[in-house]
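Open the model in your viewer and keep the sequence panel beside it. The tour below goes from one selection to the next and says what is found at each stop.

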Amino acid sequence: MGQKRKKLCTVCKSKGIRKEGVIYMPEHRLSLCEEHFNEWFEKRVKEAIKEFKMFDKREKILVAVSGGKDSQVLWYVLNKLGYDTDAFFIHLGIGDYSDESMEKVLALGELIGKKPHIVRLEEEVGAGLPVLQNYVRGTACSVCGRIKRYHFNKVARELGYNVVATGHNLDDEASSLLANLINWNLKYLARKYPVLREEKGFPRKVKPLVKHTERVIKFYADLNGIPYTDRSCPLGDTANLHFYKEVMEEIENHALGTKYRFYFEYLKKVFPIFSALKEEWVEGELTTCKVCGEPSPSEVCFVCRLKERVKKDRTQSG
Ligand code: SF4
Ligand code: ZN
Ligand code: ZN
């Protein structure tokens, strides 16, 4: 959509130069050449960081990378903008998919001269995700999400990073806002913000790509030769997520700019009201896991319980 329309670069044109744009973004009414697209893309990332007071150049940032375009672009762009970043990748043990994702992360590390931190689930927990999902009720994604969150928090704390950055984009945020509003998931809505302040032993969580859509991020990745995998995870139960993305896209096509307005007006006008009620909606006190010392709602945390069960099964069958 839009991308095929060749127009002159808006910025070059304002300087009296006739240069063809490489991308046309109808939602911004902007056509940009390569140089001005990169400039515009990076400026909007900086604006999001500043507007939501995500972090500054004195802080150490851990970028949660998956090998996909969003998190790869995030690591690349934060590094280019001069922030102190390192990446963290969890090898989930999902066959070729995990191997290929890790290769892309390592390739980007080489490109920017940095070595990512890598944890292998098979070594850390005793089995990969395809096995672990059988131990717990819920979808592979819900188990995966809990395991990933645990490790991001743990690695950030142990290695001294006070900020964890993730590659969530505008499409992710607007579509999940829509899904959670439709289902009145108040607990989620009360925490729906591009920054979650550090609390109760958790690092600050930030989403610096919230001002960019998937299409624009992919374009930036391709334009700058950033390695990424576009394979989908074979265990993903993303049908619901895709459905809400498609609905959001339909609305956007009907009225350009709605996606952006829907999300950012929510942050400005509604989030402060919901956030004030957070204490009432977000249940449960946290304690400290007596095995690993990480924050947990129960005496022994989810991951330590999982480890124990895998170990017991191995002992019994071995
Ligand atoms: Fe994990 Fe689901 Fe993402 Fe696969 S799709 S990596 S299971 S969260
Ligand atoms: Zn230009
Ligand atoms: Zn634990």
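Start in the loop between α8 (170–182) and α9 (186–189), and select Trp-184, which sits there. This is a predicted model. The phi of Trp-184 is near 45°, a positive value in a residue other than glycine. Most residues other than glycine have a negative phi. Colour by accessibility and Trp-184 comes out as exposed, because its relative accessibility is 57% and the cut-off for exposed is over 50%.

Next, select Lys-53, in the loop between α2 and β3. Lys-53 also has a positive phi, near 45°, and is likewise not a glycine. With a relative accessible area of 63%, Lys-53 is exposed.

**The zinc site**

Now select ligand 2, the zinc ion, and show its protein donors: Cys-9 (SG), Cys-12 (SG), Cys-33 (SG) and His-36 (ND1), at 2.1 to 2.4 Å from the ion. Why is the arrangement called tetrahedral? The 4 donor atoms subtend angles of 98 to 118° around the zinc ion, and four donors count as tetrahedral if all angles lie between 85 and 135 degrees. Along the chain, the donors follow the spacing C-x2-C-x20-C-x2-H.

Switch to a cartoon view and find the open sheet of 6 strands, with mixed pairing and the order β5-β4-β3-β6-β8-β7. At its edges stand β5 and β7 (195–196), each with a single partner strand, so one side of each has no neighbour in the sheet.

Select strand β4 (residues 84–91), where 7 of the 8 residues are buried. Strand β3 (residues 60–65) runs parallel to β4 and is joined to it by 6 bridges.

Move on to strand β5 (residues 117–120), which pairs with β4 in the parallel sense over 4 bridges. Here Ile-90 stands opposite Val-119 in β5. The path from β4 to β5 goes through helix α4 (residues 95–112), and this β-α-β crossover is right-handed as well.

For another parallel pair, select strand β6 (residues 163–165) and strand β8 (residues 204–206), which share 3 bridges. Val-163 and Arg-204, the latter in β8, stand opposite each other.

**Ligand 1**

For the last stop, select ligand 1 and show the residues that surround it: Leu-92, Leu-129, Cys-141, Cys-144, Lys-148, Cys-233 and Gly-236. Which helix gives the largest share of this shell? Helix α7 (residues 140–159) does, with 3 residues. Colour the shell around ligand 1 by class to see 5 nonpolar, 1 polar and 1 charged residues.

Methods
Residues are numbered from 1 along each chain as its sequence is written. Chains are lettered from A and ligands numbered from 1 in the order in which they are written. This is a predicted model: local features need pLDDT of at least 70, side-chain atom pairs count only at pLDDT 80 or more; totals for chains, interfaces and linings use all residues. Side-chain values use heavy atoms; hydrogens and water are left out. Donors are N, O and S atoms within 2.8 Å of the metal (3.2 Å for Na, K and Ca); water is not among the atoms, so sites may look incomplete. Four donors count as tetrahedral if all angles lie between 85 and 135 degrees; four count as square planar and six as octahedral if opposite donors are over 155 degrees apart and all others between 65 and 115; anything else is irregular. A residue is near a molecule or strand if one of its heavy atoms lies within 4 Å of it. Helices (H or I, at least four residues) and strands (E, at least two) are DSSP runs, numbered from the N terminus. Ala, Val, Leu, Ile, Met, Phe, Trp, Tyr, Cys and Pro count as nonpolar, Asp, Glu, Lys and Arg as charged, and the others, Gly among them, as polar. Buried means under 20% relative accessible area, exposed over 50%, partly exposed in between (1.4 Å probe, protein chains only). Two strands pair if DSSP finds at least two bridges between them. A crossover is right-handed if, with the strands pointing away from the viewer, the path from the first strand over the helix to the second runs clockwise.
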